[in-house]
Amino acid sequence: MLKVTAETRLVGVIGDPVRHSRSPLIHNAGFEALALDWVYTAFPVRAGDGAAAVRAMRVLGIEGLSVTMPHKDAVAAAVDRRTPAVDALGACNCVAREGDELVGHNTDGDGFVAALRAEVGMDVAGVCAVVLGAGGAARAIIDALGRAGADRIIVVNRTAAKAERAAELSDRGRVGSLDDIASADLVVNATSIGMAGGPSPAGIGLDPALLHPQQVVADIVYQPLRTPLMVAAEQAGATVVGGLGMLLHQAAAQFELWTGLAAPLEAMRSALDHPC
Ligand code: NAP
């Protein structure tokens, strides 16, 4: 049973809304598995208060923060130092202490790449990837795919100007169309289409005949666990990856930044799979 004392180290997630977050579940399972006297909670922080939350972290001695909507940009601007990924993206999803400095990281893209490796053994070096979407998650994935050596990164998005800006994140990026899916090794849905309560699954508008058994099809949406795209990809014989792996691996990277210890992935995954 969790026992919080004056020695307990505190980390948490800031966001609005944030009470639905699965991050406390994942991180507290990790702390428990390693018998660390750490606790992770959720802080509902209103839009506009991201920089104040960073100041609070300094004042209260909070060890680290996960950062979710709508604070990723404001926190990126408020930290003492940023990783190259945060500089490129202008968005930060994790703050960690390094000595006296608060450093802004973005673990989303690398978490996605790590999930592909862990779940289906895919190394993205040399692959042709089609990324559907150009929002915050898509941009992090495009940046990480580029750094991990993807050969071509083709961005397909409803709003053309956003697709252009996202494709510029990598020198191997370009804007494309849904037809590019037929020649892709990796197809990623990084839009909110397919998410429970989100835009209609018909919104992607892709022809399932473009999917085939030589592809990996990843959907980063994790509510529901099986999205319409995943069902179509399975029917086409493709290798399918759901969104929980990215959620787990981006959290594991944060855990390691804060504690300096290897994240206990099995315990953290089990907390996601069996939340009660
Ligand atoms: P975001 O910044 O709001 O971007 C949303 C993206 O979806 C944009 O590209 C947007 O296109 C597109 N989109 C939304 N509605 C659409 C519609 N009706 N038709 C076509 N395109 C539409 O959101 P985000 O933070 O990137 O998150 C995207 C999804 O990823 C969410 O479902 C989120 O839960 C999930 N996610 C998962 C993880 C994980 O760890 N698995 C991590 C982060 C996010 P426009 O540019 O044209 O508006």
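How many salt bridges does the rule find across the interface of domain 1 and domain 2? The rule finds one. This report covers that interface in a predicted model.

## Domain layout

The protein chain splits into two domains. Domain 1 takes in residues 9-106 and 247-273. Domain 2 runs over 109-241. Over C-alpha atoms, the centres of domain 1 and domain 2 lie 25 Å apart.

## Contact and buried area

On the domain 1 side, nine residues make contact with 13 residues of domain 2. Between them, domain 1 and domain 2 bury about 870 Å². Carbon and sulfur atoms give 57% of that area.

Three residues stand out on the domain 1 side. R22, L89 and H249 supply 54% of the area that domain 1 buries against domain 2.

The interface of domain 1 and domain 2 has one salt bridge by the rule. E119 and R269 form a salt bridge, and their closest N and O atoms are 2.8 Å apart.

## The domain 1 face

Two elements give two or more residues each to the side of domain 1 that touches domain 2: α4 (84-89) and α9 (244-259). By class, the residues of this side are four nonpolar, three polar and two charged.

Note on methods: Residues numbered from 1 in each chain as written. Predicted model: local features only at pLDDT ≥ 70, side-chain atom pairs only at ≥ 80, totals over all residues. Heavy atoms only, no water. Domains from an automatic or database assignment. Contact = heavy atoms within 4.5 Å. Buried area = accessible area lost by both parts, 1.4 Å probe. Salt bridge = Lys/Arg side-chain N within 4 Å of Asp/Glu carboxyl O. Helix = DSSP H or I, 4+ residues; strand = E, 2+ residues; numbered from the N terminus. Nonpolar A, V, L, I, M, F, W, Y, C, P; charged D, E, K, R; others polar.
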